[in-house]
Amino acid sequence: MDLGFRAVIVDSLVTDGDGDGVTDDADVCPGTDLAAESDAPSKSLKPNHLWSTADGFVDRTGSVVYSFEDTGGCSATQIIAAAALGGGHAKFGISSAAMAAWISGLD
Ligand SMILES: [Ca+2]
Ligand SMILES: [Ca+2]
């Protein structure tokens, strides 16, 4: 067995360039800025709407509903942009339906 080659593969699996907990090989959204997410949504989080925090996607009670592993390493801002969601999602959080659609579209 070529142990040198094996070591390179392991190293690539553990790299997480943007620090969201999802390794680069599985991260659909590189460059996630978790610090920038703490100010959003711009108005308020509605019931059954979600926003990303450093812990993952939370609802208005603060319960974590999805992890960054679930969302492919994408923050709320990144999902809104990538899925071309309407401006209401930026104001009030991403609806549960839109989140489910995003996650189901990852595979
Ligand atoms: Ca990552
Ligand atoms: Ca990411």
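Helices (H or I, at least four residues) and strands (E, at least two) are DSSP runs, numbered from the N terminus. This is a predicted model, in which local features need pLDDT of at least 70 and side-chain atom pairs count only at pLDDT 80 or more, while totals for chains, interfaces and linings use all residues. Residues are numbered from 1 along each chain as its sequence is written, and chains are lettered from A and ligands numbered from 1 in the order in which they are written.

**View 1. The protein chain holds 5 helices and 4 strands.** Read from the N terminus, the elements follow one another as α-α-β-β-β-α-α-β-α. Of the 107 residues in the protein chain, 23% are buried, where a residue counts as buried if 20 or more other C-beta atoms lie within 10 Å of its own, as exposed if 12 or fewer do, and as partly exposed in between, with C-beta atoms placed from the backbone. Two residues are in contact if their C-beta atoms, placed from the backbone, lie within 7 Å. Among the contacts in the protein chain with a separation of 6 or more, 51% are between residues 24 or more positions apart.

**View 2. The 4 strands form an open, antiparallel sheet in the order β3-β2-β1-β4.** Because β3 (64-66) and β4 (94-95) stand at the edges with a single partner strand each, one side of each is left without a neighbour in the sheet. Two strands are said to pair if DSSP finds at least two bridges between them. Strands of a sheet pair through backbone hydrogen bonds, either parallel or antiparallel.

View 3. A hairpin leads from β1 to β2 through 2 residues, and the two strands, which run antiparallel, are joined by 3 bridges; the bridge partner of S52 in β2 is F57. On to β3, strand β2 (residues 56-58) has 2 bridges, again in the antiparallel sense, and here F57 has Y66 as its bridge partner. Between β1 and β4 there are 2 bridges, also antiparallel, and H49 stands opposite S95 in β4. Since 4 of the 5 residues of β1 (residues 49-53) are buried, this strand is largely enclosed by the rest of the structure.

**View 4. The largest nonpolar core has 10 residues.** A nonpolar core is a set of buried Ala, Val, Leu, Ile, Met, Phe, Trp, Tyr and Cys residues joined through C-beta atoms within 7 Å. The members of this one are L50, W51, F57, C74, A76, I79, I80, I94, M99 and W102. At least two residues of this core come from each of β1, α3 (76-82) and α5 (96-104), and α3 gives the most, with 3 residues. Not counting residues up to four places away in sequence, I79 touches T71, C74, I94 and W102.

**View 5. K46 lies in the loop between α2 (34-37) and β1.** K46 counts as partly exposed because it has 16 C-beta neighbours inside 10 Å. Apart from neighbours within four places in sequence, K46 is in contact with F92 and G93. The C-alpha atoms of K46 and S95 are separated by 8.4 Å, although the two residues are 49 residues apart along the chain.

**View 6. G72 lies in the loop between β3 and α3.** With 19 C-beta neighbours inside 10 Å, G72 counts as partly exposed. Apart from neighbours within four places in sequence, G72 is in contact with D27, V28, C29 and L106. G72 and C29 are 43 residues apart along the chain, and their C-alpha atoms are separated by 7.1 Å.
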